[in-house]
Amino acid sequence: MAKGESTDYKYDVFISYRHVRPDADIARSLHRLLETFPIPKSLRSSGWLGRSFLDREELTAGDLTDSIRGGIGRSRYLISVCSRRTRFSPWRLKEIELFRSLHGDERILVLLLEGEPEEVFPEALKSLKRSKEGEERRRELLAADIRKNEEKTLRNALCAIRDTLLWHL
């Protein structure tokens, strides 16, 4: 079985974000959208569960907790909410690296909240690889862009992330 190919997913998505505003607000909005989205009849057999993992407490010390590790391990995709605050969270980097080690790079999506990609994407995201026909090469990272901070733009970007997830099924 290939990396990330498991029938034992508990979550469709693990949302990785910095526990400060507005990052946490955006993560909660994304979580709510993903959890309340009605699954189209044509996709019900795809394995989409309609569940996403969003931790609601700040991690304070030590290594990743068992619940976070378990959430990452049992999630089909990772969505990284990126802002100027991302680089100040060692936990965010650990979450991305753990997801990559368990599931590979193909199932990582990004929500760009503010800043330019080269300044806010952590190195773990900048170095994602794509496997094609037996060769690995650097992956161009696309992000749902909500930098304009308008409610309509937020909703459209969140819907784009949701649609991308469903397209992969």
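The following dialogue explains how several terms apply to this predicted model.

Trainee: What is the secondary structure of the protein?

Mentor: The protein has six helices and seven strands. Along the sequence they follow the pattern β-α-β-α-β-α-β-α-α-β-β-β-α.

Trainee: Why is Tyr11 called buried?

Mentor: A residue counts as buried when its relative accessible area is under 20%. Tyr11 has a relative accessible area of 12%, so Tyr11 is buried. Phe14, at 0%, is buried by the same cut-off. Of the 169 residues in the protein, 49% are buried.

Trainee: What makes strand β1 mostly covered?

Mentor: Strand β1 spans residues 11–16, and six of its six residues are buried.

Trainee: How do you know that β1 pairs with β3?

Mentor: Two strands pair if there are at least two bridges between them. Five bridges join β1 to β3 (residues 75–82), so the two strands pair. They run parallel, and Ser16 stands opposite Ser80 in β3.

Trainee: What makes β1 and β2 a pair as well?

Mentor: Two bridges join β1 to β2 (residues 52–53), and the requirement is at least two, so these strands also pair. They too run parallel. Val13 has Ser52 in β2 as its bridge partner.

Trainee: Why is the pair of Tyr11 and Phe53 called edge-to-face?

Mentor: The structure holds two aromatic pairs. In the pair of Tyr11 and Phe53, the rings lie 5.2 Å apart, centre to centre, with 80° between the planes. Tyr11 lies in strand β1 and Phe53 in strand β2, so the pair ties together parts that are 42 residues apart in sequence.

Trainee: Why is the pair of Phe14 and Phe53 called stacked?

Mentor: Here the centres are 5.0 Å apart and the angle between the planes is 10°. The cut-off for stacked rings is under 30 degrees, so the pair of Phe14 and Phe53 counts as stacked. This pair also links distant parts of the chain, with Phe14 in strand β1 and Phe53 in strand β2, 39 residues apart.

Trainee: How do you know that the buried residues of helix α2 lie on the same side?

Mentor: In α2 (residues 66–73), the buried residues are Ile68, Gly71 and Ile72. Around the axis they cover an arc of only 95°, which puts them on the same side of α2. The buried residues of α2 pack against β1, β2, β3 and α3.

Trainee: What makes the reach of α3 close to the expected value?

Mentor: Helix α3 has 14 residues and reaches 20 Å from its first C-alpha to its last. The expected span, at 1.5 Å a residue, is 20 Å, so the reach of α3 is close to it. The buried residues of α3 include Trp91, Ile96, Leu98 and Phe99. After α3 comes Gly104, with a positive phi near 85°.

Trainee: Where is there a cis peptide bond?

Mentor: The bond from Arg21 to Pro22 is cis, and its omega is near 0°. Pro22 lies in the loop between β1 and α1 (23–36).

Conventions: Residues are numbered from 1 along each chain as its sequence is written. This is a predicted model: local features need pLDDT of at least 70, side-chain atom pairs count only at pLDDT 80 or more; totals for chains, interfaces and linings use all residues. Side-chain values use heavy atoms; hydrogens and water are left out. Buried means under 20% relative accessible area, exposed over 50%, partly exposed in between (1.4 Å probe, protein chains only). Helices (H or I, at least four residues) and strands (E, at least two) are DSSP runs, numbered from the N terminus. The arc is that of the directions from the helix axis to the C-beta atoms. Contact means heavy atoms within 4.5 Å. Rings of Phe, Tyr and Trp (its six-membered ring) pair if their centres lie within 6.5 Å; planes under 30 degrees apart count as stacked, over 60 as edge-to-face and the rest as tilted.
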